Amino acid sequence: MCIGSLAVAALMGLGGIAAERRSFAASAQEKPASTAEVKIDNFSFGPTAITVAVGTSVTWTNRDDIPHTVVSTEKVFKSKVLDTDEKFSFTFTKPGEYPYFCSIHPKMTGKVIVQ
Amino acid sequence: MASDMKGHNGKAGETNDEILHDHNRDGVDRRGFLKCMAWAGTGAFCVMQGGVLKSYSMSRIAEMNPDEMKGELSFVQISDSHMGFNKAANPDVAATLKAAVDKINALSTPPEFLLHTGDVSHLSKPEEFDGVAEILKGASAKDVFYVPGEHDVLNDDGKEYLERFGKGAQAGGWYSFEKKGVHFVGMVNVMNLKAGGLGTLGNEQLEWLEKDVKHLKSSTPIVVFAHIPLWTVYPDWGWGTADSAQALGYLKKFGSVTVLNGHIHQTMQKVEGNVTFHTACSTAFPQPKPGEAPSPGPMKVPAEQLRSVLGITDVNYVRGQHALAVVDSTLA
């Protein structure tokens, strides 16, 4: 008896979570699940590699006195030129590895790992 | 990253301010090279006489006979004006560019033309390009030959730059011209840069160069100018051009090749065989010596010292000499 009621409760609980996920997916169009930051300092991306969950919006901020760009090596995303304190954001919707670089200073490279 | 740079730091230190004289007269295929490095603000005058390079520090220029400076052709290289830059390292880059023009107009031998080795603008904006062109109209020399820096081609594959300064050039912006028997080649090594890489000339430009110099006599003095150094100054900071060896290969037959670059905002010189490499000061702000800072970003110096680390390069060609005489002077 006790076991049976627990099972029912658990099933109801799962149903509740599934419903919540659907509504969350719908709202993800406007608002990402979470955010992450990459800072550009001294001609380097920090952290150089960042691991985020699917749906995360990553924001890069240029804190150098020199303009930089954030350009996906595989042409998935490309910022405009970021002058000092300017930002660029991109929301990652598919798992995978996304190497990127600064197209002005190509020695500057980084990677976003989406899980 | 930090430890990597420390390792290179020692290497840079070894050659710092070193002036080696090579009295070997065997010319083109000499393996050993001669270095004459003049860091920001110090400056050096170098003249090749019969295969021997003589160099003098700028402090001795005043003692020299001005006739030694005269030749068949004289021109000035300016670089890295970064119009639009307004940060602490130099809040008024227009003023320092104007100071460079004053310096040019005060030269005892007026230059026939100016070369601008790129980073004309800071952000490729129309008003930045036009601002530089307007200030340079005040120079005694009216012709200005440009090559782009990476800051000049930030948008639309360099459309704004090419519209203004690429007239008469090949579609990619590179070109050549002759002045008094000297063959000048303006090259573009700031386009289509690849992740992790250095400056790039690309196959199309290399093929053009090969054809461009093929018909010339080996006695023709050659001046190649491009933004990023065509020799490997410091790869960790991207200070080099991946396919420059191929370009220099096409110039092997020539007895005198001078390569003028910008990009690194400090003067540096190297002689290897028949080729003299030279980088010019910026007219806007200095950058650190290779590996001596966490990054190659603008170097802040006290305001009263700024003009002593900015400058222009005066180049003299004297017929019969192996190399062109290159003189750096600061804006102070």
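This is a predicted model: local features need pLDDT of at least 70, side-chain atom pairs count only at pLDDT 80 or more; totals for chains, interfaces and linings use all residues.
Trainee: Which other sheet of four strands is found in chain A?

Mentor: There is an open sheet with the order 2-1-4-6 in chain A, again with mixed pairing. Strand 2 (44-46) and strand 6 (87-91) of chain A stand at its edges, each with a single partner strand, so one side of each has no neighbour in the sheet. From one strand to the next, the twist averages 25°.

Trainee: What joins strand 4 of chain A to strand 6 of chain A?

Mentor: Five bridges join strand 4 (residues 56-62) of chain A to strand 6 of chain A, and the two run antiparallel. Within this pair, Trp60(A) has Phe88(A) of strand 6 of chain A as its bridge partner.

Trainee: What is the secondary structure of chain A as a whole?

Mentor: Chain A has one helix and eight strands, and along the sequence they follow the pattern α-β-β-β-β-β-β-β-β. Of its 115 residues, 28% count as buried.

Trainee: What are the corresponding values for chain B?

Mentor: Chain B has six helices and 14 strands, and 49% of its 332 residues count as buried. Among contacts in chain B between residues at least 6 apart in sequence, 70% join residues at least 24 apart; for chain A, the value on that basis is 47%.

Trainee: Why is Pro290(B) called buried?

Mentor: The cut-off for a buried residue is 20 or more other C-beta atoms within 10 Å. Pro290(B) has 24 within that distance, and is therefore buried. Pro290(B) is found in the loop between strand 12 and strand 13 (311-317) of chain B. Its C-alpha lies 6.2 Å from that of Tyr234(B), although the two residues are 56 apart in sequence.

Trainee: What makes strand 12 of chain B mostly covered?

Mentor: Five of the five residues of strand 12 (residues 275-279) of chain B are buried. In a regular strand the side chains alternate between the two faces of the sheet. In strand 12 of chain B, Val275(B), Phe277(B) and Thr279(B) lie on one side and Thr276(B) and His278(B) on the other, and both faces are covered.

Trainee: Which strands pair with strand 12 of chain B?

Mentor: Strand 10 (residues 257-261) of chain B runs parallel to strand 12 of chain B and is joined to it by five bridges; here Thr258(B) stands opposite Thr276(B). Strand 11 (residues 268-272) of chain B pairs with strand 12 of chain B in the antiparallel sense, also over five bridges, with Met268(B) opposite Thr279(B). Strands 11 and 12 of chain B form a hairpin with two residues between them, and Gly273(B) in the turn has a positive phi of about 60°.

Trainee: How do you know that the buried residues of helix 5 of chain B line one face?

Mentor: In helix 5 of chain B, the residues Gln205(B), Leu209(B) and Val213(B) are buried. Seen down the axis of helix 5 of chain B, the buried residues fall within an arc of 55°, so they line one face. The face turned away from this buried side carries the exposed residues Asn203(B), Glu204(B), Glu207(B), Lys211(B) and Lys214(B). The cover over the buried residues includes strand 8 (182-186) and helix 6 (244-249) of chain B.

Trainee: How does the span of helix 5 of chain B stand against the value expected?

Mentor: Helix 5 (residues 203-214) of chain B has 12 residues and reaches 16 Å from its first C-alpha to its last, close to the 16 Å expected at 1.5 Å a residue.

Trainee: How many residues of chain B are in contact with chain A?

Mentor: In chain B, 20 residues are in contact with 19 residues of chain A. The side of chain B that touches chain A has 10 nonpolar, six polar and four charged residues.

Notes. Residues are numbered from 1 along each chain as its sequence is written. Chains are lettered from A and ligands numbered from 1 in the order in which they are written. Two residues are in contact if their C-beta atoms, placed from the backbone, lie within 7 Å. Ala, Val, Leu, Ile, Met, Phe, Trp, Tyr, Cys and Pro count as nonpolar, Asp, Glu, Lys and Arg as charged, and the others, Gly among them, as polar. A residue is buried if 20 or more other C-beta atoms lie within 10 Å of its own, exposed if 12 or fewer, and partly exposed in between; C-beta atoms are placed from the backbone. Two strands pair if DSSP finds at least two bridges between them. The expected span of a helix is 1.5 Å times one less than its number of residues. The arc is that of the directions from the helix axis to the C-beta atoms. Axes are lines fitted to C-alpha atoms, for helices over the stretch in contact, and angles run from 0 to 180 degrees between N-to-C directions.
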